[in-house]
Amino acid sequence: MKSFFGKSVYKGIVLGPVVVLKQNDFQVKRKKIEDADAEIARLEQAGNQAKEQLQRLYDKALKEVGEASAAIFEVHQMMLEDEDYLDAIHNLIQTEGVNAEYAVAVTGDNFSEMFASMDDEYMKARAADVKDISNRLIRVLSGEEEVDFRSMTPSVIVADDLSPSETVQMDKEKILAFVTVHGSTNSHTAILARMMNIPALIGVPMDLDEIQTGMRAVVDGFDGKVTFEPDEELCNQTLHRMEKEKEKLQLLQTLKGKENITADGRKINIYANIGSVGDVGYVLENDAGGIGLFRSEFLYLGKSDFPTEEEQFLAYKQVLQTMAGKKVIIRTLDIGADKQVDYFNLGQEDNPAMGYRAIRICLKQPEIFKTQLRALLRAAVFGNLSIMYPMIISTEEVTRIYEIVDEVKKELEAEQIPYKVPEQGIMIETPAAVMISDELAEMVDFFSIGTNDLTQYTLAIDRQNAKLDDFYNPHHKAILKMIQMVTDNAHKHGKWVGICGELGADLELTEQFVRMGIDELSVSPSMVLRLRKVIREMKCD
Ligand code: PEP
Ligand code: MG
């Protein structure tokens, strides 16, 4: 039995088997080999194994998501047989006498850089595929098992760190908890853990080489503690506490179908935040009044190419239809900063949080933006959609957005494709937007305050930097004053205002938000009923 402490991201408790994810931290080492032919034979065998894995993935994807999405695995199989690629690897092994892993890594980097520098958009996108197949080959060569989430039993995921794109690809039904060595409490991975309603610990000083898949662990999000190979007494205590937690949650269920209304009659909208179509189930299960933030960029993560207009349209339409007339606020893509996607080729930045991200990418590369807007305007016909734009800093940006929306509208009209221009609002998540919220309120239909970034930019604290977690204080007076200012300016122009950052779920502040005049709180689905309870028990005056 061995325990470690970390920072808790979500309070919950669980006992389960461990799966250690090590994909991220394999450092490919250069080794001298004696027998080049034997190394090439080893490579060939790994290639066959990788192709078999891809065939299995193709068969599964074909059954579950259809031919168009499965095709990528076929492309990867073909790439593994590409003569230029294989010749380059063989050459390195033979002429430099290096191990296959190293030869694959170097060739993968070279080829992917070559693709990335091409003008043709399709060829550019292949850069990520080459990296992908090279990583697969290296994994097989180094004998690392691929985690198959579909056949896995529900487990505690232990890793060095997890990126949002890795987290989003996981089968949520199979994850009991996250425990990572690195990570920050305000990162998107932490947000995902909250949304999934599972205990998660970050910054846990454990040695991953000492932890093996198959061990058992207790993850206690209340105490911020993980215990590997717990003894019988701790297992029994944990099972008892899990039962108690379940009972508490069941009590909250009695609030389903009830209004979010204070004891003296003030009503508030409580919506939910989601990251994928699959999350809509959580929204309905927790009886949220709508979706206040659909982080649409998650449709772009964990893929090797841009989602097409049709793919996006189908995803948005499905969410709208499932929500059956309830409000669905879809935020246009907020890529950049910690949400990196290879095929965007954003390049290295010294300061990505203050860099090329979100609406800036959309305005600089309107072809990407237009594809998403076309999908949104088309989907708007099928439900109660609102579009929301992230990272706004000026009125000029809003004017330019409207011009692009107008172009898209005209294109759809000319093509006789049914569409609707829905309500359009912006996120207030920069101090600049707060300071000009009076002017912005005249231009838009609503505001949604993104307190995660607003705190980051106001307090000059990188939300990804775990060292600064103690300084990251969204309760700071400056933030609360800003929320009041934005609310007053929105109301002055007859517009509604909500909070969709994590602070919206902070039950210590709920009463203050209601008094400030906030009209909507959008929180992770698991917080909806807890918030309803607090609101129903409070009085405004
Ligand atoms: C925010 O910044 O508060 C927000 C809701 O957006 P994200 O966390 O996705 O940056
Ligand atoms: Mg944000």
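A residue counts as buried when its relative accessible area is under 20%, as exposed when it is over 50%, and as partly exposed in between (1.4 Å probe, protein chains only). By that rule, both Glu 429 and Asp 453 are buried.

Before going on, a word on what you're looking at. This is a predicted model, where local features need pLDDT of at least 70 and side-chain atom pairs count only at pLDDT 80 or more, while totals for chains, interfaces and linings use all residues. Residues are numbered from 1 along each chain as its sequence is written, ligands are numbered from 1 in the order in which they are written, and side-chain values use heavy atoms, with hydrogens and water left out.

Glu 429 (OE) and Asp 453 (OD) coordinate the magnesium ion (ligand 2) at 2.0 to 2.1 Å. Donors here are N, O and S atoms within 2.8 Å of the metal (3.2 Å for Na, K and Ca), and since water is not among the atoms, sites may look incomplete. Glu 429 sits in the loop between strand 13 (423–428) and helix 14 (431–435), and Asp 453 in helix 16 (residues 451–459), so the two tie together parts that are 24 residues apart in sequence. Helices (H or I, at least four residues) and strands (E, at least two) are DSSP runs, numbered from the N terminus.

Two strands pair if DSSP finds at least two bridges between them; strand 11 (residues 327–331) and strand 12 (residues 384–389) have 5. Look there for Arg 331, which stands opposite Met 388 in strand 12.

Now move to strand 5 (residues 175–180). With 5 of its 6 residues buried, strand 5 is largely enclosed by the rest of the structure. Strand 4 (residues 155–159) pairs with strand 5 in the parallel sense over 5 bridges, and Val 156 faces Ala 177 in strand 5. Another 2 bridges join strand 5 to strand 6 (residues 200–202), again running parallel, with Phe 178 partnered by Ala 200.

Finally, the cysteines. How many disulfides does a search of the whole structure find? The count is 0, a disulfide being a pair of cysteine sulfur atoms within 2.5 Å. For Cys 500, the nearest cysteine sulfur, that of Cys 362, is 16 Å away. Cys 500 is buried at 1% relative accessibility, and Cys 235 is buried at 5% relative accessible area.
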